[in-house]
Amino acid sequence: MIKALEKIQAEHRSMWQILNVLEESTNAARRGDAPEWGLVNLVLEYLETFIDQVHHPKEDKYLFSALAARSEVTRDLIEDLQGQHEQEAERLGRLRAVLIDGNPELKAFAEAAEDYIDFQRKHMRQEEGELFPLAREHLIEADWREIEDAFADNRDPVFGEHTHEKYAVLRSRITVLAQPPLGLGGTSVTRVKADAEPLLELRGVSAHYGRIAALRGVSMQVGKGQLVALVGSNGAGKTTLLRTISGLQASSDGRMLFEGRDLSKIKPAQRVAAGIAHVPEGRQVFATLSVEDNLALGAYSRTNERAAVRREIDRIYDIFPVLRDKRKVPAGTLSGGQQQMLAIGRAMMAKPRLMLLDEPSMGLSPLLVSEVFEVIKRLQQEGMTILIVEQNAAAVLALADIGYVLESGEITHSGEGRVLRNNEDVKRAYLGI
């Protein structure tokens, strides 16, 4: 990936995590609970420093101006994005005004914060989805050198070392105050209503390996836009349940409905085309094929969408820059974390409406686990529905809208993720508490 775009995307990820912290404070206000106002003010100070003094001016002065000079067709988009920079500052100002008396009205704070968060996230998605491809297409090597030199200049009074130190200190203070599940490791969440319209429904589903019952009358549902977690001990049937949904394991009883369609009448390959993607345990990438060939295989059901497939590969490279750097190397040479990113990217190539994730954190370092969980949450925030099996029960239940506990092939507990995380039986059995 071009270094300047990689730098901007890294800043976007940092901003997104900070917005997560603000969002959880907003959720508390919506519930009628006063947030930690000191934390809220630190978040706003960070956003003002980081966005107003570092991020937006850098984009306007270097990237936007270079692209507008190279291509007339980009000018309307650039004017729109520059206008959004001004609007973002106005929204942040309105949010600051709500807090000015030190004892804000919770509803007014929540409305102003939600308006700001939604606007900022939409802006970042538009930059990465629309501006980045145009920049790659129209800017020449000399443009990129000038942009990257400007980004690297620590002497600049606006973009330089002093400013970066200031927001690094602020971020550190936020990290200390924002303890889990609010912290900056990808565990802050946007809750989707528990009664969301069902996308997937399981009604009394059973599955057997020979005479051995692996699933026993499992009933559950995954609502549109939800992140649903399935936790349980080893051998409980979690992987079997995902395999049964994707068609790799036959069900022996019950019904599975996806968008109202009976999955028993749909072959596994047709389930992918219908909108279900499965990221299996252990990644299972095609080791001898290149990274890019692995991604392309994920789009085998989209044979008539060559241009769209190319754009989707570029989008995945933007989400996982390391994959772009290694796009020509055999997938089997990647590290475990990189293979997990590739497996998720390959599933995304099918443009699924439901993604099944089996143990995405297995074998990864804590830092990589944090990065993978942040991507998972971002995918949900972009509209994808996710059913995830995960041994790290504490982390995944902090993320999840809904959680289910599976034991010996049966559902034993269910409920909102954060409620289930605090259930005493679940804490003793699965959280080590």
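Predicted model: local features only at pLDDT ≥ 70, side-chain atom pairs only at ≥ 80, totals over all residues.
In helix H7, the buried residues are Lys238, Thr240, Leu241, Leu242, Thr244, Ile245 and Ser246. With 7 of its 9 residues buried, H7 is largely enclosed by the rest of the structure, as buried here means under 20% relative accessible area. Just after H7, glycine 247 adopts a positive phi of about 95°.

Let me turn to the sheet. It is open and has 6 strands, in the order E6-E7-E8-E3-E9-E10, with mixed pairing. Strand E6 (276-279) and strand E10 (410-416) are at the edges; each has a single partner strand, so one side of each is left without a neighbour in the sheet. On average, neighbouring strands are turned by 15° against each other, direction ignored. Within this sheet, strand E3 (residues 227-231) pairs with strand E9 (residues 402-407) in the parallel sense, over 4 bridges. There, leucine 230 stands opposite tyrosine 404 of E9.

Which strands does H7 touch? Helix H7 (residues 238-246) packs on the sheet through E3, E6, E7, E8 and E9, and its direction makes about 150° with that of E7. A further helix, H12 (residues 336-348), lies across E6 and E7 and runs at about 170° to E6.

Finally, the core. The largest nonpolar core comprises 46 residues, and Leu323, Ile344, Met355 and Ile386 have the most contacts inside it. Leaving aside neighbours within four places in sequence, isoleucine 344 is in contact with Val279, Phe320, Met355, Leu357, Val372 and Leu379. In soluble globular proteins, nonpolar side chains tend to be buried together.

Definitions and conventions. Residues numbered from 1 in each chain as written. Heavy atoms only, no water. Pairing = 2+ DSSP bridges. Helix = DSSP H or I, 4+ residues; strand = E, 2+ residues; numbered from the N terminus. Axes fitted to C-alpha atoms, helices over the stretch in contact; angles between N-to-C directions. Contact = heavy atoms within 4.5 Å. Core = buried A, V, L, I, M, F, W, Y, C linked by side-chain atoms within 4.5 Å. Buried < 20%, exposed > 50% of the residue type's maximum accessible area, 1.4 Å probe, protein only.
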